[in-house]
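Hello,

Here is the structure I promised to pass on to you. Have a look at it first, and then read on for my notes.

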Amino acid sequence: MNIRVLSRNPNLYSTKRLVEAAKKRKHEVEIIDPLKCDLVIEKRNPNIYYKGHYLKDTDAIIPRIGASVTFYGTAVVRQFEMMGAFTTIDSEALVRSRDKLRSLQVLSRAKIGLPKTVFTNYSRDVEGVIAHVGGTPLVVKLLEGTQGLGVVLAETKNAAKSVIEAFNGLQARVIVQEFIKEAKGADIRVFVVDGHVVGAMKRQGKEGEFRSNLHQGGSAEVIELSDEEEIAAIKAAKAMRLGVAGVDLLQSSRGPLILEVNSSPGLEGIEKATGKDIAKTIIQYIEKNI
């Protein structure tokens, strides 16, 4: 098969592993920078022009679209779909997953456990917002934040009011969430491919840090999921209509709570923690669908 990996950086761990796994299984594979694609749109003949030639005969694509280039990256994915290529991440699902608020609404409708969350149109009733999530401590998140950036823990009511009012004053869209104390600064990343859990790791924030992201200095170790956690992760990926997903969840006294469903989850942390060949599993998912 001809497989194209949509990635702006060929040196990224995830990109290199996907290329390696595809070649091992005897496929032709090429890395394509989505921002250098020109989309040619005409009746019954959609095309993509890239570095002096048309990208024809594409059997499948693996989008590795960063949050900062979601708009154009999604347009490129959509164009490949119009050309008949299979994609591991559907263009509509990609757009849906990048909108944190919309994602939470989709998950809520699917009756999946979530931390209590409030979103307002820069409400001046900040005390009311704080009360809605059960008081402090609470977490304030920028809707556009990634990799733990734009996430603030407010431990007192005064701190929470100051943070929320500051973001409101900057016209920055935020969500306010309850703080799950019993999670103890840890979360679980579950990697789901084609409706099956293929790996899971527990990420622990460094000392004094409530964010567990590996980009923020957290550590990771392999974990065996409970049945309830596995079901929640699979349901979340299905609700978001993602064939490949990184589902982040918290362990709470009322069961697993979904934090986020990532449509371009990194492979490095999960492969090193679990010792599993996740890249190979993604290539096998493509083979099954071609």
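**Notes on the backbone, sheets and cavities**

Lys 51 sits in the loop that links β4 and β5. Please keep in mind that this is a predicted model. Lys 51 is worth a look for its backbone: phi is positive there, at about 50°, even though the residue is not a glycine. Most residues other than glycine have a negative phi, and most peptide bonds are trans. You will find Pro 137 in the loop between α5 (126-132) and β9 (138-142).

For orientation, the protein is divided into domain 1 (2-96), domain 2 (117-179) and domain 3 (182-288). Taken over C-alpha atoms, the centres of domain 2 and domain 3 are 25 Å apart.

Now to the sheets. The strands on either side of the Lys 51 loop, β4 and β5, belong to an open antiparallel sheet of three strands, ordered β3-β4-β5. Its edges are β3 (37-40) and β5 (53-54), each of which pairs on one side only. Between β3 and β4 (residues 47-50), which run antiparallel, there are four bridges; Cys 37, for example, has Tyr 50 in β4 as its bridge partner. Helix α2 (residues 70-82) packs on this sheet, where it touches β3 and β4, and the helix direction makes about 50° with that of β3.

Another open sheet has five strands, in the order β14-β13-β12-β15-β16, again with antiparallel pairing. Here the edge strands are β14 (219-222) and β16 (255-262), each pairing on one side only. On average, neighbouring strands of this sheet are turned by 30° against each other, direction ignored. Eight bridges join β12 (residues 186-193) and β13 (residues 196-204) in the antiparallel sense, and Val 190 stands opposite Ala 200 in β13. Helix α9 (residues 278-289) packs on the sheet and touches β12, β13 and β15 (244-252); the direction of α9 makes about 35° with that of β12.

How many cavities of 30 Å³ or more does the structure hold? There are two. The largest cavity contains about 90 Å³ of space, and its lining includes Phe 119, Tyr 122, Ile 164, Asn 168 and Arg 173. Both α6 (157-169) and β11 (174-178) supply at least two residues of that lining. By class, the lining of the largest cavity has seven nonpolar, three polar and one charged residues.

The second largest cavity holds about 70 Å³. Among the residues that line it are Leu 18, Arg 64, Ile 89, Val 244, Ser 263 and Ile 282. Its lining, too, has seven nonpolar, three polar and one charged residues. Where does this second largest cavity lie? Domain 1 and domain 3 both give residues to the lining, so the second largest cavity lies between them.

Best wishes

Definitions and conventions: Residues are numbered from 1 along each chain as its sequence is written. This is a predicted model: local features need pLDDT of at least 70, side-chain atom pairs count only at pLDDT 80 or more; totals for chains, interfaces and linings use all residues. Side-chain values use heavy atoms; hydrogens and water are left out. On a 1 Å grid over the protein atoms alone, a cavity is a set of points where a 1.4 Å probe fits but cannot get out, and a pocket is an open set with protein on both sides within 12 Å along at least five of seven lines; lining residues have an atom within 4 Å of a point. Grid points are joined across faces, edges and corners, and a volume is the space filled by probe spheres set on the points. Ala, Val, Leu, Ile, Met, Phe, Trp, Tyr, Cys and Pro count as nonpolar, Asp, Glu, Lys and Arg as charged, and the others, Gly among them, as polar. Domain bounds come from an automatic or database domain assignment. Two strands pair if DSSP finds at least two bridges between them. Axes are lines fitted to C-alpha atoms, for helices over the stretch in contact, and angles run from 0 to 180 degrees between N-to-C directions. Contact means heavy atoms within 4.5 Å.
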